[in-house]
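The following exercises concern a single structure. Please study the sequence and the three-dimensional view before reading each solution.

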Amino acid sequence: MDKQVAAAIAELKAQGIPVAVDPSGRQADLYIATVPNGEKYQLNAAGLLDLKAKAKLHLEGLQELHFAKKKTPNFHNPPGS
């Protein structure tokens with residue numbers, strides 16, 4: 001694991017947000033962050049590093065990233081397909 005990604009994961013852990021490698025194994029750099037209320041947020045290494053660079057490596061930053069992903073249209077599976 002990249003040292004920067006490990007540092008970002010350690011920073012989230014220090015805030016009480018454990019981060020684990022996605023158990024599905026579909027993507028090598030996919031992580032699951034579990035926030036205190038039990039919600040799980042999926043993000044990749046680039047997402048972790050981006051949040052850290054923007055000083056948003058905290059619960060609100062994870063939620064912001066999660067909701068931004070939901071607003072992005074998925075052109076691979078158009079409605080009705």
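Contact means that heavy atoms lie within 4.5 Å. The model is predicted, so local features need pLDDT of at least 70 and side-chain atom pairs count only at pLDDT 80 or more, while totals for chains, interfaces and linings use all residues. Residues are numbered from 1 along each chain as its sequence is written, and side-chain values use heavy atoms, with hydrogens and water left out.

**Exercise 1. Describe the surroundings of K52.**

Step 1. K52 lies in helix α2; helices (H or I, at least four residues) and strands (E, at least two) are DSSP runs, numbered from the N terminus.

Step 2. Its relative accessibility of 35% makes K52 partly exposed, a class between buried (under 20% relative accessible area) and exposed (over 50%), with a 1.4 Å probe and protein chains only.

Step 3. Leaving aside residues up to four places away in sequence, K52 touches A8, E11 and L57.

Step 4. The side chains of K52 and E11 are joined by a polar contact of 2.7 Å. Such a contact is a pair of N or O atoms within 3.5 Å; within protein, one must be able to donate a hydrogen and the other to accept it, and residues adjacent in sequence count only if both atoms are side-chain atoms.

**Exercise 2. Determine which residues of α1 are buried and how they are arranged.**

Step 1. The buried residues of α1 are V5, A8, I9 and L12.

Step 2. Viewed down the axis of α1, these buried residues fall within an arc of 100 degrees, so they line one face of the helix. The arc is that of the directions from the helix axis to the C-beta atoms.

Step 3. K3, Q4 and A14 are exposed on the other side of α1.

**Exercise 3. Work out the order of the strands and the place of helix α2.**

Step 1. Three strands form an open sheet in the order β1-β2-β3, with antiparallel pairing. Two strands pair if DSSP finds at least two bridges between them.

Step 2. β1 (19-21) and β3 (40-44) each have a single partner strand and stand at the edges, so one side of each is left without a neighbour in the sheet.

Step 3. Strand β2 (residues 30-34) is joined to β3 by five bridges. Y31 has L43 in β3 as its bridge partner.

Step 4. Helix α2 (residues 45-53) lies across β2 and β3, at about 95 degrees to β3. Axes are lines fitted to C-alpha atoms, for helices over the stretch in contact, and angles run from 0 to 180 degrees between N-to-C directions.
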